[in-house]
Amino acid sequence: MSMLKLLGLKELIESISKERNLPRLAVQSAIREALLKGYERYRRAQNLDRKQFDEDYFDNFEVELDIEDEGFRVVSTKTIVEEVVNSDHQIALKDVIKEVEEFGDDAAQLVGQEVVVDVTPDKKEFGRMAAMQTKQVLSQKLRDQQRQLIQEEFQDLEGTVLQTRVLRFERQSVIMAVTSGFGQPEVEAELPKREQLPNDNYRIGANFRVYLKKVSKGQQRGPQLLVSRADAGLVVYLFANEVPEIEDEVVRIVAVAREANPPSSYVGPRTKIAVDTLDRDVDPVGACIGARGSRIQVVVNELRGEKIDVIRWSPDPATYIANALSPARVDDVRLMDPETRQTHVLVAEDQLSLAIGKEGQNVRLAARLTGWKIDIKDKAKYDFEGEDAKFSDVRAQHAAELDELEELEELERLEQQKLQLDQLEDDDREFNSEEFETELDEDEAEEEFESENQSIY
(Lines give C-alpha, C1' and ligand atoms only; values in the text may rest on other atoms or scores of the structure.)
Protein backbone atom coordinates (compact mmCIF):
# COMPACT_ATOMS: atom_id res chain seq x y z
CA MET A 1 0.00 0.00 0.00
CA SER A 2 1.15 3.53 -0.76
CA MET A 3 1.50 6.08 2.00
CA LEU A 4 1.70 9.86 2.14
CA LYS A 5 4.27 11.19 4.58
CA LEU A 6 3.31 13.53 7.43
CA LEU A 7 6.66 14.53 8.88
CA GLY A 8 6.48 15.37 12.58
CA LEU A 9 3.16 13.53 13.05
CA LYS A 10 4.19 11.98 16.36
CA GLU A 11 5.38 15.30 17.80
CA LEU A 12 2.24 17.01 16.49
CA ILE A 13 0.00 14.56 18.34
CA GLU A 14 2.00 14.95 21.55
CA SER A 15 2.00 18.76 21.43
CA ILE A 16 -1.73 19.05 20.67
CA SER A 17 -2.52 16.57 23.42
CA LYS A 18 -0.62 18.61 26.01
CA GLU A 19 -1.65 22.02 24.73
CA ARG A 20 -5.38 21.28 24.58
CA ASN A 21 -5.51 18.73 27.42
CA LEU A 22 -6.84 16.02 25.10
CA PRO A 23 -6.07 12.26 25.09
CA ARG A 24 -3.78 11.11 22.27
CA LEU A 25 -6.50 8.84 20.86
CA ALA A 26 -8.87 11.81 20.64
CA VAL A 27 -6.23 13.82 18.76
CA GLN A 28 -5.58 10.90 16.38
CA SER A 29 -9.32 10.56 15.73
CA ALA A 30 -9.56 14.29 14.95
CA ILE A 31 -6.60 14.06 12.54
CA ARG A 32 -8.16 11.06 10.74
CA GLU A 33 -11.48 12.88 10.35
CA ALA A 34 -9.71 16.02 9.12
CA LEU A 35 -7.67 14.10 6.52
CA LEU A 36 -10.79 12.30 5.33
CA LYS A 37 -12.60 15.65 4.89
CA GLY A 38 -9.59 16.89 2.95
CA TYR A 39 -9.77 13.82 0.71
CA GLU A 40 -13.49 14.43 0.11
CA ARG A 41 -12.73 18.03 -0.85
CA TYR A 42 -10.05 16.79 -3.24
CA ARG A 43 -12.44 14.27 -4.83
CA ARG A 44 -15.18 16.85 -5.26
CA ALA A 45 -12.74 19.22 -6.93
CA GLN A 46 -11.56 16.41 -9.26
CA ASN A 47 -15.16 15.55 -10.23
CA LEU A 48 -14.89 16.18 -13.98
CA ASP A 49 -18.17 14.37 -14.73
CA ARG A 50 -20.02 16.64 -12.29
CA LYS A 51 -21.45 13.63 -10.54
CA GLN A 52 -23.63 14.36 -7.51
CA PHE A 53 -22.18 13.11 -4.23
CA ASP A 54 -24.67 12.30 -1.46
CA GLU A 55 -23.87 13.12 2.16
CA ASP A 56 -23.12 9.46 2.90
CA TYR A 57 -21.26 8.87 -0.38
CA PHE A 58 -17.86 8.69 1.34
CA ASP A 59 -18.96 6.58 4.32
CA ASN A 60 -17.01 3.60 3.00
CA PHE A 61 -13.74 5.60 3.01
CA GLU A 62 -11.36 5.69 5.96
CA VAL A 63 -7.97 7.15 6.84
CA GLU A 64 -5.32 4.96 8.45
CA LEU A 65 -2.57 6.69 10.42
CA ASP A 66 0.89 5.20 10.70
CA ILE A 67 2.35 6.92 13.76
CA GLU A 68 5.74 5.19 13.65
CA ASP A 69 6.40 5.86 9.95
CA GLU A 70 4.65 9.26 10.21
CA GLY A 71 2.22 8.94 7.32
CA PHE A 72 -1.32 8.04 6.34
CA ARG A 73 -3.31 6.05 3.79
CA VAL A 74 -6.82 6.45 2.41
CA VAL A 75 -8.64 3.13 2.02
CA SER A 76 -12.07 2.25 0.67
CA THR A 77 -14.26 -0.77 1.44
CA LYS A 78 -15.62 -2.02 -1.90
CA THR A 79 -18.03 -4.79 -2.89
CA ILE A 80 -16.86 -7.40 -5.43
CA VAL A 81 -19.14 -7.48 -8.50
CA GLU A 82 -19.08 -8.97 -12.02
CA GLU A 83 -19.58 -5.59 -13.66
CA VAL A 84 -18.64 -2.30 -11.99
CA VAL A 85 -21.26 0.48 -11.95
CA ASN A 86 -19.70 2.71 -9.27
CA SER A 87 -15.91 2.44 -8.96
CA ASP A 88 -15.90 4.14 -5.52
CA HIS A 89 -18.06 1.42 -3.97
CA GLN A 90 -17.45 -1.57 -6.23
CA ILE A 91 -14.51 -3.53 -7.66
CA ALA A 92 -14.51 -5.98 -10.57
CA LEU A 93 -14.11 -9.69 -9.85
CA LYS A 94 -11.37 -9.96 -12.49
CA ASP A 95 -9.29 -7.35 -10.65
CA VAL A 96 -9.59 -9.30 -7.41
CA ILE A 97 -8.66 -12.58 -9.12
CA LYS A 98 -5.44 -10.98 -10.35
CA GLU A 99 -4.49 -10.25 -6.76
CA VAL A 100 -5.74 -13.59 -5.35
CA GLU A 101 -5.08 -16.18 -8.07
CA GLU A 102 -5.13 -19.17 -5.71
CA PHE A 103 -8.95 -19.17 -5.72
CA GLY A 104 -8.96 -20.62 -9.24
CA ASP A 105 -12.35 -22.06 -10.26
CA ASP A 106 -13.99 -21.00 -6.97
CA ALA A 107 -13.30 -17.32 -7.55
CA ALA A 108 -17.01 -16.72 -8.37
CA GLN A 109 -17.84 -17.17 -4.68
CA LEU A 110 -16.15 -13.84 -4.00
CA VAL A 111 -18.99 -11.94 -5.67
CA GLY A 112 -20.90 -9.94 -3.04
CA GLN A 113 -18.06 -9.95 -0.53
CA GLU A 114 -16.13 -6.83 0.53
CA VAL A 115 -12.46 -5.95 0.24
CA VAL A 116 -10.41 -2.99 1.46
CA VAL A 117 -8.65 -1.15 -1.35
CA ASP A 118 -5.90 1.48 -1.07
CA VAL A 119 -7.08 4.67 -2.83
CA THR A 120 -4.42 7.04 -1.47
CA PRO A 121 -3.95 9.88 -4.01
CA ASP A 122 -0.57 11.07 -5.18
CA LYS A 123 0.84 13.86 -3.04
CA LYS A 124 0.86 16.30 -5.96
CA GLU A 125 -2.71 15.41 -6.88
CA PHE A 126 -3.87 15.77 -3.30
CA GLY A 127 -3.05 19.45 -3.67
CA ARG A 128 -2.89 22.54 -1.54
CA MET A 129 -6.68 23.01 -1.45
CA ALA A 130 -7.21 19.64 0.23
CA ALA A 131 -4.39 20.41 2.66
CA MET A 132 -6.03 23.71 3.67
CA GLN A 133 -9.37 21.96 4.13
CA THR A 134 -7.66 19.37 6.31
CA LYS A 135 -6.13 22.11 8.49
CA GLN A 136 -9.49 23.87 8.96
CA VAL A 137 -11.35 20.68 9.78
CA LEU A 138 -8.63 19.58 12.20
CA SER A 139 -8.92 22.84 14.12
CA GLN A 140 -12.72 22.46 14.31
CA LYS A 141 -12.54 18.80 15.34
CA LEU A 142 -10.06 19.59 18.10
CA ARG A 143 -12.36 22.34 19.40
CA ASP A 144 -15.27 19.90 19.36
CA GLN A 145 -13.23 17.31 21.26
CA GLN A 146 -12.21 19.90 23.83
CA ARG A 147 -15.80 21.10 24.30
CA GLN A 148 -16.95 17.53 24.82
CA LEU A 149 -14.32 16.96 27.49
CA ILE A 150 -15.20 20.23 29.25
CA GLN A 151 -18.88 19.28 29.22
CA GLU A 152 -18.16 15.84 30.67
CA GLU A 153 -15.81 17.23 33.32
CA PHE A 154 -18.00 20.07 34.59
CA GLN A 155 -21.48 18.54 34.10
CA ASP A 156 -21.43 17.05 37.60
CA LEU A 157 -20.13 20.32 39.08
CA GLU A 158 -23.26 22.35 38.24
CA GLY A 159 -24.57 23.94 41.41
CA THR A 160 -21.15 24.09 43.09
CA VAL A 161 -18.73 26.96 43.77
CA LEU A 162 -15.48 27.35 41.82
CA GLN A 163 -12.40 29.50 42.27
CA THR A 164 -11.82 31.78 39.26
CA ARG A 165 -9.51 34.50 38.00
CA VAL A 166 -10.46 37.45 35.77
CA LEU A 167 -8.97 37.14 32.28
CA ARG A 168 -10.57 39.86 30.15
CA PHE A 169 -13.77 41.75 29.41
CA GLU A 170 -16.14 41.17 26.47
CA ARG A 171 -18.88 43.74 26.13
CA GLN A 172 -20.55 43.69 29.56
CA SER A 173 -19.43 40.17 30.46
CA VAL A 174 -16.36 39.17 32.46
CA ILE A 175 -14.39 36.22 31.08
CA MET A 176 -12.86 34.23 33.92
CA ALA A 177 -10.42 31.34 34.08
CA VAL A 178 -11.44 28.20 35.94
CA THR A 179 -8.92 25.53 36.89
CA SER A 180 -10.44 22.24 35.77
CA GLY A 181 -8.09 20.01 37.75
CA PHE A 182 -4.65 19.64 39.30
CA GLY A 183 -1.99 20.53 36.76
CA GLN A 184 -4.58 20.89 33.96
CA PRO A 185 -5.04 23.91 31.65
CA GLU A 186 -7.59 26.55 32.59
CA VAL A 187 -11.08 26.68 31.11
CA GLU A 188 -12.89 29.91 30.31
CA ALA A 189 -16.16 30.82 32.02
CA GLU A 190 -18.53 33.73 31.38
CA LEU A 191 -19.90 36.01 34.11
CA PRO A 192 -22.71 38.04 32.46
CA LYS A 193 -23.70 41.52 33.63
CA ARG A 194 -26.88 40.27 35.33
CA GLU A 195 -24.85 37.79 37.42
CA GLN A 196 -22.31 40.35 38.67
CA LEU A 197 -22.35 42.15 42.02
CA PRO A 198 -22.43 45.97 41.95
CA ASN A 199 -19.76 46.22 44.66
CA ASP A 200 -17.29 43.85 42.98
CA ASN A 201 -14.12 45.26 41.44
CA TYR A 202 -13.50 43.06 38.39
CA ARG A 203 -9.91 43.87 37.53
CA ILE A 204 -7.70 41.58 35.46
CA GLY A 205 -6.01 38.99 37.64
CA ALA A 206 -8.46 39.36 40.55
CA ASN A 207 -9.67 36.12 42.16
CA PHE A 208 -13.33 35.40 42.89
CA ARG A 209 -15.46 32.53 44.07
CA VAL A 210 -18.38 31.97 41.69
CA TYR A 211 -21.39 29.69 41.50
CA LEU A 212 -21.41 27.38 38.44
CA LYS A 213 -24.90 27.95 37.11
CA LYS A 214 -24.91 26.11 33.79
CA VAL A 215 -22.72 24.02 31.49
CA SER A 216 -23.77 24.76 27.91
CA LYS A 217 -24.14 21.99 25.35
CA GLY A 218 -23.78 22.10 21.59
CA GLN A 219 -21.28 23.87 19.36
CA GLN A 220 -21.82 27.48 20.40
CA ARG A 221 -18.89 29.85 20.33
CA GLY A 222 -17.32 31.31 23.45
CA PRO A 223 -17.13 29.87 26.98
CA GLN A 224 -19.31 26.90 27.83
CA LEU A 225 -19.46 27.65 31.55
CA LEU A 226 -21.96 30.21 32.86
CA VAL A 227 -21.04 31.38 36.36
CA SER A 228 -22.71 33.74 38.83
CA ARG A 229 -21.89 35.95 41.77
CA ALA A 230 -25.54 36.89 42.27
CA ASP A 231 -27.08 33.43 42.70
CA ALA A 232 -28.41 32.44 46.12
CA GLY A 233 -26.42 29.21 45.86
CA LEU A 234 -23.23 31.18 46.47
CA VAL A 235 -24.58 32.41 49.83
CA VAL A 236 -25.56 28.87 50.82
CA TYR A 237 -22.07 27.60 49.96
CA LEU A 238 -20.32 30.38 51.88
CA PHE A 239 -22.35 29.74 55.03
CA ALA A 240 -21.84 25.97 54.76
CA ASN A 241 -18.12 26.61 54.37
CA GLU A 242 -17.91 28.88 57.43
CA VAL A 243 -20.42 27.21 59.78
CA PRO A 244 -19.39 23.67 60.86
CA GLU A 245 -22.90 23.03 62.23
CA ILE A 246 -24.32 23.36 58.70
CA GLU A 247 -21.73 21.01 57.25
CA ASP A 248 -22.45 18.52 60.08
CA GLU A 249 -26.22 18.89 59.34
CA VAL A 250 -26.95 20.05 62.88
CA VAL A 251 -28.17 23.35 61.43
CA ARG A 252 -30.02 23.39 58.11
CA ILE A 253 -30.72 26.21 55.69
CA VAL A 254 -34.46 26.15 54.97
CA ALA A 255 -34.83 29.05 52.54
CA VAL A 256 -32.85 31.89 50.97
CA ALA A 257 -34.11 35.10 49.34
CA ARG A 258 -31.50 37.26 47.66
CA GLU A 259 -31.60 40.57 45.81
CA ALA A 260 -28.05 40.95 44.55
CA ASN A 261 -28.96 43.52 41.88
CA PRO A 262 -31.69 45.79 43.30
CA PRO A 263 -33.90 47.72 40.86
CA SER A 264 -32.55 51.02 42.18
CA SER A 265 -28.99 52.19 42.69
CA TYR A 266 -30.05 53.73 46.01
CA VAL A 267 -30.62 50.25 47.46
CA GLY A 268 -27.73 47.92 48.19
CA PRO A 269 -27.64 44.12 47.75
CA ARG A 270 -29.36 42.19 50.53
CA THR A 271 -30.04 38.57 51.48
CA LYS A 272 -32.38 36.93 53.96
CA ILE A 273 -31.60 33.37 55.03
CA ALA A 274 -33.84 31.16 57.19
CA VAL A 275 -32.18 28.48 59.34
CA ASP A 276 -33.44 25.81 61.73
CA THR A 277 -32.21 22.96 63.93
CA LEU A 278 -33.63 19.90 65.65
CA ASP A 279 -31.09 20.17 68.48
CA ARG A 280 -32.54 22.11 71.41
CA ASP A 281 -29.07 22.96 72.69
CA VAL A 282 -28.06 24.74 69.46
CA ASP A 283 -29.02 28.27 68.47
CA PRO A 284 -29.08 28.14 64.64
CA VAL A 285 -29.00 31.92 64.21
CA GLY A 286 -26.13 32.33 66.66
CA ALA A 287 -24.21 29.48 65.00
CA CYS A 288 -24.39 31.27 61.64
CA ILE A 289 -23.43 34.66 63.07
CA GLY A 290 -20.57 33.37 65.22
CA ALA A 291 -18.84 34.94 68.17
CA ARG A 292 -18.98 38.73 67.73
CA GLY A 293 -20.18 38.17 64.17
CA SER A 294 -16.96 36.46 63.09
CA ARG A 295 -18.60 33.86 60.83
CA ILE A 296 -21.11 36.06 59.08
CA GLN A 297 -18.45 38.74 58.59
CA VAL A 298 -16.43 36.35 56.40
CA VAL A 299 -19.48 35.86 54.17
CA VAL A 300 -20.18 39.61 54.07
CA ASN A 301 -16.58 40.33 53.08
CA GLU A 302 -16.68 37.75 50.27
CA LEU A 303 -19.88 39.41 48.97
CA ARG A 304 -18.29 42.87 49.19
CA GLY A 305 -20.38 44.25 52.06
CA GLU A 306 -23.76 42.76 51.12
CA LYS A 307 -26.27 43.03 53.98
CA ILE A 308 -27.38 39.62 55.32
CA ASP A 309 -30.27 38.87 57.70
CA VAL A 310 -30.18 35.45 59.38
CA ILE A 311 -33.61 34.56 60.82
CA ARG A 312 -35.08 31.55 62.59
CA TRP A 313 -37.45 29.41 60.58
CA SER A 314 -40.73 28.34 62.21
CA PRO A 315 -43.47 25.90 61.18
CA ASP A 316 -46.00 28.49 62.35
CA PRO A 317 -46.55 30.90 59.42
CA ALA A 318 -47.27 33.90 61.66
CA THR A 319 -44.06 33.45 63.65
CA TYR A 320 -42.06 32.80 60.48
CA ILE A 321 -43.39 35.97 58.80
CA ALA A 322 -42.66 38.05 61.90
CA ASN A 323 -39.08 36.73 61.99
CA ALA A 324 -38.63 37.32 58.25
CA LEU A 325 -39.38 41.05 58.66
CA SER A 326 -36.39 41.46 60.96
CA PRO A 327 -35.00 43.88 62.05
CA ALA A 328 -38.47 45.46 62.36
CA ARG A 329 -40.54 44.69 65.49
CA VAL A 330 -43.88 43.11 64.58
CA ASP A 331 -46.91 43.49 66.88
CA ASP A 332 -49.32 41.12 65.16
CA VAL A 333 -49.56 38.89 62.08
CA ARG A 334 -53.06 38.24 60.74
CA LEU A 335 -53.36 35.39 58.24
CA MET A 336 -56.26 36.82 56.28
CA ASP A 337 -56.55 34.11 53.61
CA PRO A 338 -54.41 30.97 54.02
CA GLU A 339 -55.59 29.59 50.66
CA THR A 340 -54.24 32.55 48.68
CA ARG A 341 -51.53 33.10 51.33
CA GLN A 342 -52.35 36.71 52.08
CA THR A 343 -51.46 38.27 55.43
CA HIS A 344 -51.63 41.61 57.19
CA VAL A 345 -48.69 42.50 59.43
CA LEU A 346 -49.37 45.12 62.08
CA VAL A 347 -46.51 47.27 63.34
CA ALA A 348 -46.15 50.48 65.29
CA GLU A 349 -45.91 53.71 63.37
CA ASP A 350 -42.18 54.09 64.10
CA GLN A 351 -41.56 50.59 62.66
CA LEU A 352 -43.39 51.11 59.36
CA SER A 353 -40.43 52.34 57.31
CA LEU A 354 -38.14 49.72 58.84
CA ALA A 355 -40.58 46.86 58.09
CA ILE A 356 -41.13 48.01 54.52
CA GLY A 357 -37.46 48.78 53.94
CA LYS A 358 -35.82 51.17 51.53
CA GLU A 359 -37.92 51.12 48.34
CA GLY A 360 -39.79 48.06 49.72
CA GLN A 361 -36.76 45.77 49.77
CA ASN A 362 -37.27 44.34 53.28
CA VAL A 363 -40.91 43.32 52.79
CA ARG A 364 -40.17 42.12 49.25
CA LEU A 365 -37.46 39.74 50.46
CA ALA A 366 -39.61 38.57 53.38
CA ALA A 367 -42.42 37.72 50.96
CA ARG A 368 -40.02 35.70 48.78
CA LEU A 369 -38.58 33.94 51.80
CA THR A 370 -41.92 32.91 53.31
CA GLY A 371 -44.05 32.54 50.18
CA TRP A 372 -46.77 34.81 51.61
CA LYS A 373 -48.11 38.09 50.22
CA ILE A 374 -47.38 40.56 53.02
CA ASP A 375 -49.16 43.88 53.56
CA ILE A 376 -47.61 46.11 56.23
CA LYS A 377 -50.23 48.05 58.21
CA ASP A 378 -50.10 50.75 60.91
CA LYS A 379 -51.59 49.07 63.97
CA ALA A 380 -53.00 52.34 65.34
CA LYS A 381 -55.01 52.97 62.15
CA TYR A 382 -55.97 49.40 61.34
CA ASP A 383 -59.70 48.70 60.90
CA PHE A 384 -60.16 45.15 62.20
CA GLU A 385 -63.88 44.86 61.43
CA GLY A 386 -63.62 46.46 58.01
CA GLU A 387 -60.69 44.27 56.91
CA ASP A 388 -62.42 41.13 58.23
CA ALA A 389 -65.60 42.01 56.35
CA LYS A 390 -63.65 42.74 53.18
CA PHE A 391 -61.87 39.37 53.28
CA SER A 392 -65.12 37.60 54.19
CA ASP A 393 -66.66 38.98 51.00
CA VAL A 394 -63.59 37.97 49.03
CA ARG A 395 -63.68 34.45 50.47
CA ALA A 396 -67.40 34.18 49.77
CA GLN A 397 -66.88 35.31 46.19
CA HIS A 398 -64.00 32.90 45.82
CA ALA A 399 -66.11 30.04 47.22
CA ALA A 400 -68.95 30.89 44.81
CA GLU A 401 -66.52 30.86 41.89
CA LEU A 402 -65.25 27.48 43.02
CA ASP A 403 -68.81 26.12 43.29
CA GLU A 404 -69.60 27.43 39.80
CA LEU A 405 -66.45 25.85 38.46
CA GLU A 406 -67.30 22.52 40.11
CA GLU A 407 -70.81 22.65 38.60
CA LEU A 408 -69.39 23.28 35.14
CA GLU A 409 -66.94 20.39 35.58
CA GLU A 410 -69.81 18.14 36.76
CA LEU A 411 -71.94 19.10 33.73
CA GLU A 412 -69.02 18.43 31.44
CA ARG A 413 -68.46 15.06 33.11
CA LEU A 414 -72.15 14.12 32.73
CA GLU A 415 -72.14 15.20 29.09
CA GLN A 416 -69.09 13.05 28.48
CA GLN A 417 -70.79 10.06 30.13
CA LYS A 418 -73.92 10.63 27.98
CA LEU A 419 -71.79 10.65 24.82
CA GLN A 420 -70.13 7.41 25.89
CA LEU A 421 -73.55 5.79 26.59
CA ASP A 422 -74.90 6.96 23.22
CA GLN A 423 -71.86 5.44 21.55
CA LEU A 424 -72.41 2.15 23.37
CA GLU A 425 -76.09 2.11 22.34
CA ASP A 426 -75.14 2.77 18.72
CA ASP A 427 -72.67 -0.10 18.85
CA ASP A 428 -75.34 -2.41 20.37
CA ARG A 429 -77.88 -1.47 17.69
CA GLU A 430 -75.32 -2.10 14.97
CA PHE A 431 -74.44 -5.46 16.51
CA ASN A 432 -78.14 -6.49 16.82
CA SER A 433 -78.78 -5.45 13.22
CA GLU A 434 -75.90 -7.63 12.02
CA GLU A 435 -77.17 -10.53 14.15
CA PHE A 436 -80.69 -10.10 12.75
CA GLU A 437 -79.37 -10.13 9.19
CA THR A 438 -77.43 -13.29 10.00
CA GLU A 439 -80.59 -14.97 11.32
CA LEU A 440 -82.49 -13.99 8.17
CA ASP A 441 -79.73 -15.44 6.03
CA GLU A 442 -79.88 -18.69 8.02
CA ASP A 443 -83.73 -18.89 7.67
CA GLU A 444 -83.55 -18.29 3.92
CA ALA A 445 -80.89 -20.95 3.56
CA GLU A 446 -83.01 -23.45 5.52
CA GLU A 447 -86.13 -22.73 3.38
CA GLU A 448 -84.08 -23.14 0.21
CA PHE A 449 -82.72 -26.46 1.49
CA GLU A 450 -86.24 -27.76 2.27
CA SER A 451 -87.58 -26.77 -1.16
CA GLU A 452 -84.69 -28.55 -2.84
CA ASN A 453 -85.37 -31.69 -0.83
CA GLN A 454 -89.06 -31.59 -1.78
CA SER A 455 -88.21 -31.34 -5.46
CA ILE A 456 -85.93 -34.40 -5.16
CA TYR A 457 -88.66 -36.56 -3.70
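**Close-up views of the predicted model**

View 1. Close-up views of the predicted model

View 1. Six aromatic pairs are found when the whole structure is searched. One of them joins Trp-313 and Tyr-320 in an edge-to-face arrangement, 6.3 Å from centre to centre and with 65° between the planes. Tyr-320 counts as buried, because its relative accessibility is 8%. Tyr-382 and Phe-384 have ring centres 4.9 Å apart and planes at 85°, so this pair is edge-to-face. Tyr-382 has a relative accessibility of 9% and therefore counts as buried.

**View 2. The charged end of Arg-252 sits over the ring of Trp-313.** The charged end is 5.4 Å from the centre of that ring.

**View 3. Arg-44 lies in helix α2.** This helix covers residues 24–45. Which residues does Arg-44 contact, leaving aside its neighbours within four places in sequence? They are Phe-53, Asp-54 and Phe-58. Arg-44 has a relative accessible area of 36% and is therefore partly exposed. Phe-58 also belongs to a cluster, in which ring pairs link it with Tyr-39, Tyr-57 and Phe-61.

**View 4. Five strands close into a barrel.** The order of the strands is β6-β7-β8-β10-β9, and their pairing is mixed. From one strand to the next, the twist averages 55°. Helix α5, residues 232–242, packs on the sheet. This helix touches β6 (161–170) and β9 (207–215), and its direction makes about 125° with that of β9.

**View 5. Strands β7 and β8 run antiparallel.** Strand β7 is made up of residues 173–179, and strand β8 of residues 186–191. How many bridges join β7 to β8? There are six. Ile-175 stands opposite Glu-190, which is in β8.

Terms used: Residues are numbered from 1 along each chain as its sequence is written. This is a predicted model: local features need pLDDT of at least 70, side-chain atom pairs count only at pLDDT 80 or more; totals for chains, interfaces and linings use all residues. Side-chain values use heavy atoms; hydrogens and water are left out. Two strands pair if DSSP finds at least two bridges between them. Helices (H or I, at least four residues) and strands (E, at least two) are DSSP runs, numbered from the N terminus. Axes are lines fitted to C-alpha atoms, for helices over the stretch in contact, and angles run from 0 to 180 degrees between N-to-C directions. Contact means heavy atoms within 4.5 Å. Buried means under 20% relative accessible area, exposed over 50%, partly exposed in between (1.4 Å probe, protein chains only). Rings of Phe, Tyr and Trp (its six-membered ring) pair if their centres lie within 6.5 Å; planes under 30 degrees apart count as stacked, over 60 as edge-to-face and the rest as tilted. A charge sits over a ring if NZ of Lys or CZ of Arg is within 6 Å of the ring centre and within 35 degrees of the ring normal.
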